[in-house]
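I set out to record what I looked up in this structure, entry by entry. The coordinates come first and my notes follow.

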There are 4 protein chains.
Amino acid sequence: MTSVYREPLYDVAQLGHTELRTPDLEASARWFTEVYGLYTVAEDRDRVHLRAWNDDVLSSLTLVASEQSGLGHVGWRTVSPQALDRRVAAIEAAGLEGRWVDDSFGHGRAYRFTAVGGHEMEVYFETEKYRAPAGEEPALPNQPQRYDPHGVAATRIDHINLLVPDVPASRAFQEEVLGFKLRERLEPTPDTEVGAWLSLMTKAHDLALTREPADTDGRLHHLAYAVESREDVLKAADIFMENGTAIEVGPAKHSRTQGFFLYVYEPGGNRVEVFAGGIHIHTPDWEPVVWNTESGGRGSAWGTVMPASFMQHATPPLPV
Amino acid sequence: MTSVYREPLYDVAQLGHTELRTPDLEASARWFTEVYGLYTVAEDRDRVHLRAWNDDVLSSLTLVASEQSGLGHVGWRTVSPQALDRRVAAIEAAGLEGRWVDDSFGHGRAYRFTAVGGHEMEVYFETEKYRAPAGEEPALPNQPQRYDPHGVAATRIDHINLLVPDVPASRAFQEEVLGFKLRERLEPTPDTEVGAWLSLMTKAHDLALTREPADTDGRLHHLAYAVESREDVLKAADIFMENGTAIEVGPAKHSRTQGFFLYVYEPGGNRVEVFAGGIHIHTPDWEPVVWNTESGGRGSAWGTVMPASFMQHATPPLPV
Amino acid sequence: MTSVYREPLYDVAQLGHTELRTPDLEASARWFTEVYGLYTVAEDRDRVHLRAWNDDVLSSLTLVASEQSGLGHVGWRTVSPQALDRRVAAIEAAGLEGRWVDDSFGHGRAYRFTAVGGHEMEVYFETEKYRAPAGEEPALPNQPQRYDPHGVAATRIDHINLLVPDVPASRAFQEEVLGFKLRERLEPTPDTEVGAWLSLMTKAHDLALTREPADTDGRLHHLAYAVESREDVLKAADIFMENGTAIEVGPAKHSRTQGFFLYVYEPGGNRVEVFAGGIHIHTPDWEPVVWNTESGGRGSAWGTVMPASFMQHATPPLPV
Amino acid sequence: MTSVYREPLYDVAQLGHTELRTPDLEASARWFTEVYGLYTVAEDRDRVHLRAWNDDVLSSLTLVASEQSGLGHVGWRTVSPQALDRRVAAIEAAGLEGRWVDDSFGHGRAYRFTAVGGHEMEVYFETEKYRAPAGEEPALPNQPQRYDPHGVAATRIDHINLLVPDVPASRAFQEEVLGFKLRERLEPTPDTEVGAWLSLMTKAHDLALTREPADTDGRLHHLAYAVESREDVLKAADIFMENGTAIEVGPAKHSRTQGFFLYVYEPGGNRVEVFAGGIHIHTPDWEPVVWNTESGGRGSAWGTVMPASFMQHATPPLPV
């Protein structure tokens with residue numbers, strides 16, 4: 001066994017940030033700050049940089065004014081400068097041509113590339129941390145920002161779900177090039193992988209890839225922030241209800257990842273999740289779980305019916 | 001910055017198991033199974049092998065009949081066979097002489113050594129996983145065992161706290177040789193480090209080292225299992241109360257790690273914690289937090305008074 | 001205002017117990033004790049008397065072997081012997097003929113009658129309390145029984161929902177004769193009251209009356225026990241899932257009562273709810289809430305789709 | 001038994017409001033609104049009228065500028081105008097001379113009297129309810145105000161604890177005259193009742209009376225608002241910590257009432273509690289629990305040490 005064991009790779013540390021496009025920057029920014037509970041760290045005419053109170057990075061979400069909703073890019077932070085070099089080499093060895101970008105808000109130079117499946121991604125290491133202004137330091141120094149909850153009080157960026165035309169191809173790319181570990185696969189019938197859940201360290205997932213139902217690529221299914229407890233997801237549902245934010249489905253429990261979920265749409269049209277819990281995978285030789293008709297099929301854990309929109313809608317929306 | 005950045009090491013994956021000594025094996029085994037909520041996976045005259053329902057390893061705790069309470073050994077599981085070889089090489093390069101042990105329950109060959117501070121430890125990779133008996137499979141295949149809670153329903157082994165005569169020396173050893181990341185340090189006055197919290201991946205801690213108040217070494221402060229939520233720690237307090245298990249302190253919130261804690265003594269005399277939450281550290285360049293009088297001192301987060309026993313008692317107890 | 005104010009009546013204290021019929025007494029009793037978490041206090045060939053750990057009465061549920069599922073009777077406990085006499089006088093003044101029953105398990109003489117809508121009910125005062133056996137007393141003397149959770153650990157009988165052919169008639173009867181306070185009404189269009197939620201003291205409801213969709217009467221929609229928190233309802237869902245108990249709908253939040261719900265079927269076919277929370281009504285002059293298309297309609301609070309079975313199924317089932 | 005059974009009285013419905021004195025009205029009002037999470041409904045130079053988001057009355061707390069901290073008065077709301085007349089007759093029959101007050105904010109005429117023990121109280125029926133402004137109605141019409149949590153988000157007025165020189169005398173007065181039900185008594189040794197917990201309907205308590213340690217009367221031990229869950233009390237502790245509000249003791253569990261508690265001081269010096277849970281008493285013939293050395297003594301449920309200040313401090317403070 002020892003001789004052929006392939007070592008897991010720990011070169012990428014975390015989902016550092018994402019960029020979302022919105023056709024109504026002002027409404028999206030207001031919703032993310034007042035209802036979802038994020039904080040604005042910087043903004044200009046076209047962009048608003050946001051953070052959750054417990055994000056260790058300075059900004060985990062940038063909203064960009066755009067004609068359409070959808071994903072701008074996803075930023076993966078490496079564990080070291082050396083790991084960044086290694087990942088860039090691997091990307092290029094895989095035949096992709098990326099480019100270095102050096103003028104981003106909140107972090108250092110990043111290597112930008114289009115992943116298999118059509119999404120813009122970047123890898124980078126150097127990042128700016130949040131420093132509380134004088135007089136607003138948190139009571140406990142092992143926390144980046146005071147706990148001063150408002151709205152949903154989203155705690156920390158958690159994961160992103162992207163639609164891809166060919167799940168096995170995109171999944172294999174992420175495993176090979178960035179070192180993602182495959183945790184679970186949805187494969188209703190043999191050789192029809194329609195979903196893959198992948199993680200960097202020990203979380204249930206940092207990245208999910210699900211099959212694009214339309215003839216397009218590069219679309220976003222959802223972006224998720226974590227809250228502290230399932231009770232906080234329940235409170236979020238009430239807060240969304242009070243604020244007129246339409247709930248698509250939830251709160252309920254996923255079969256995959258066992259996370260507790262709640263999906264809504266932000267005013268720009270992007271689907272956003274409030275997530276809690278999920279399995280933790282500490283074992284280094286995890287055997288990916290295959291979900292098929294025998295092992296429990298597609299449904300959510302307790303039988304919650306996922307609406308058709310959940311399978312069909314993504315951003316940007318398809319041309320009519 | 002890039003040229004001198006020291007890369008974090010991810011060679012050790014998890015706290016795999018511990019061995020505890022008890023002068024009353026039967027009472028300890030009954031308490032751990034009936035009150036703490038663990039499951040017996042095997043036993044013989046001298047030993048009882050236990051697991052929590054969500055442990056991925058087969059057995060995370062072995063109780064050994066012994067004249068005195070205290071720690072038998074701690075087992076750290078590496079991420080690969082190659083990582084095991086690297087860690088053994090590092091241990092030996094540090095001048096320690098260990099030995100290979102090949103007859104342990106539940107896992108493959110392990111390299112056993114005495115860490116700086118006097119505790120028996122081992123590193124190993126191959127491990128037996130728990131397989132549910134036919135007909136008792138969990139409903140969700142991404143979970144090792146059915147959720148059938150009884151008692152405290154401890155969920156998963158979490159961390160261990162060991163007393164060491166020289167915290168900086170033991171801490172530096174663990175950082176250098178096993179690749180632990182230092183997260184927090186308790187240093188009431190400059191150059192008097194009396195506590196260190198260390199982790200392997202992204203947990204608040206897998207190992208804590210605190211200063212031995214007596215003229216001895218190798219003693220155990222406590223072993224901790226996690227439960228799912230802070231509410232579960234509160235329920236645990238009621239269950240301990242109903243079962244006559246003396247609560248030493250808690251439930252309350254630690255300043256270090258921000259975990260929610262509850263300390264009790266098992267019938268063999270070892271201190272056991274029920275733990276929930278704690279910060280998650282995804283950033284790879286975490287700057288260790290130093291707790292001194294300026295940053296908030298020693299207390300628990302909300303001012304809970306830690307009893308004198310918490311600072312003084314450990315196992316084995318000192319000779320009178 | 002003062003001169004015409006009708007005083008609220010507080011003659012009935014609590015839902016004391018219910019009797020459920022089951023065609024499989026053994027399976028029902030096993031499910032209620034092992035999965036739902038109740039305790040058997042007495043049994044004979046045809047009946048099993050159960051209690052929840054925090055019920056103040058000795059037994060809150062009797063299962064009776066029967067050809068069909070459905071309700072046996074509902075027992076309402078008065079606040080005093082005098083109040084019992086007053087309620088019996090009111091029942092008889094309303095033109096109903098009941099009878100005194102004096103051989104029930106766990107409580108004293110009761111006046112049994114058929115309520116408007118066809119359900120057997122009784123009012124009584126004297127009741128036997130649970131006394132913990134010597135050596136099994138709870139740690140806190142303000143609690144009837146030790147907290148020793150297993151399964152769902154249902155905490156206390158909460159409410160019952162009955163199908164009635166004519167909601168306004170049945171509701172008015174309960175208000176007039178037993179002193180129920182009307183809290184909420186479901187009236188999709190004017191003069192079509194299809195649901196009424198009624199309470200005795202300050203709970204969200206002790207009794208719900210919803211419209212019988214078939215040409216029959218006396219049927220049971222569901223019986224509900226409370227648990228301590230919404231998190232406990234979520235845990236219950238996992239426990240039901242592990243035990244193969246089919247979840248009809250939930251966990252989710254009711255609009256009416258704001259309770260957090262989870263509906264399943266016990267092996268005898270009766271629908272059983274796990275309930276948490278719900279509004280508390282301390283104001284004595286509560287203005288009943290009317291739910292119609294304008295005020296938010298029929299749905300659950302967060303948009304959970306109630307399955308058709310929830311509207312159609314009841315016990316006993318209709319002849320095919 | 002039947003012939004001598006004394007019927008419980010349900011003439012008083014709820015703790016309607018309290019008035020607190022504060023030497024720093026501005027700081028107290030800021031703390032109650034920004035940290036404790038109440039809402040201002042009206043104010044003038046000397047008074048600020050506050051409500052919790054789920055209070056059914058318009059205002060449950062009035063802060064009054066005063067030289068000293070302490071209680072202004074406590075308002076008990078009856079279940080009807082007739083019940084108000086009955087209670088006034090009972091107060092006067094007990095030899096007390098009160099007076100009608102007819103100019104209070106938020107409620108109708110009230111009968112004001114000095115209770116045995118020296119506290120100003122009033123009974124009243126007519127009250128103003130909260131009506132959400134147009135456009136700010138809650139999503140669910142069975143709730144008075146939108147759920148838009150900030151700070152601790154105290155949910156609803158819960159209970160008040162008053163120090164009295166002679167507990168049995170004050171307790172008997174409240175039982176006889178207002179119809180309070182005695183739930184629990186603290187009586188360390190026979191005939192030394194030092195605490196009494198009393199309730200109106202089914203809550204664990206609406207009023208607690210504990211022994212005044214000094215040679216004075218009319219002092220306040222604490223005022224308590226409820227939150228939805230124990231988890232919310234834990235969150236409150238973090239919020240107080242972040243805002244520099246000193247925590248006296250908690251979060252922890254009371255033995256009496258089994259409520260989950262957290263005590264702090266508002267800037268005016270009055271002790272305020274955040275409370276969750278507590279037993280519900282539905283049985284009409286509850287036998288009051290006597291806590292003495294045999295039944296478990298004085299401590300909190302899990303052994304939390306109550307600081308000396310908890311036994312000694314009250315408002316107004318004693319002259320030095």
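**Entry 1: a helix and a sheet in chain D**

I began with helix α1 (residues 25–35) of chain D, which lies across β1 (12–22), β2, β3 (47–51) and β4 (61–65) of chain D and runs at about 160 degrees to β4(D). Helices (H or I, at least four residues) and strands (E, at least two) are DSSP runs, numbered from the N terminus. Angles run from 0 to 180 degrees between N-to-C directions, with axes as lines fitted to C-alpha atoms, for helices over the stretch in contact; contact means heavy atoms within 4.5 Å.

The model is predicted: local features need pLDDT of at least 70, side-chain atom pairs count only at pLDDT 80 or more, and totals for chains, interfaces and linings use all residues. Residues are numbered from 1 along each chain as its sequence is written, chains are lettered from A and ligands numbered from 1 in the order in which they are written, and side-chain values use heavy atoms, with hydrogens and water left out.

I then traced the open sheet of eight strands in chain D, which has mixed pairing and the order β2-β3-β4-β1-β5-β8-β7-β6. Its edge strands, β2 (39–43) and β6 (99–101) of chain D, each pair on one side only; two strands pair if DSSP finds at least two bridges between them.

**Entry 2: Asn161(C)**

I located Asn161(C) in strand β9 (residues 156–164) of chain C. Asn161(C) has a relative accessible area of 6% and is therefore buried (under 20%; exposed is over 50%, partly exposed in between; 1.4 Å probe, protein chains only). Beyond its neighbours within four places in sequence, I found Asn161(C) in contact with Ala208(C), Thr210(C), Leu220(C), His221(C) and His222(C).
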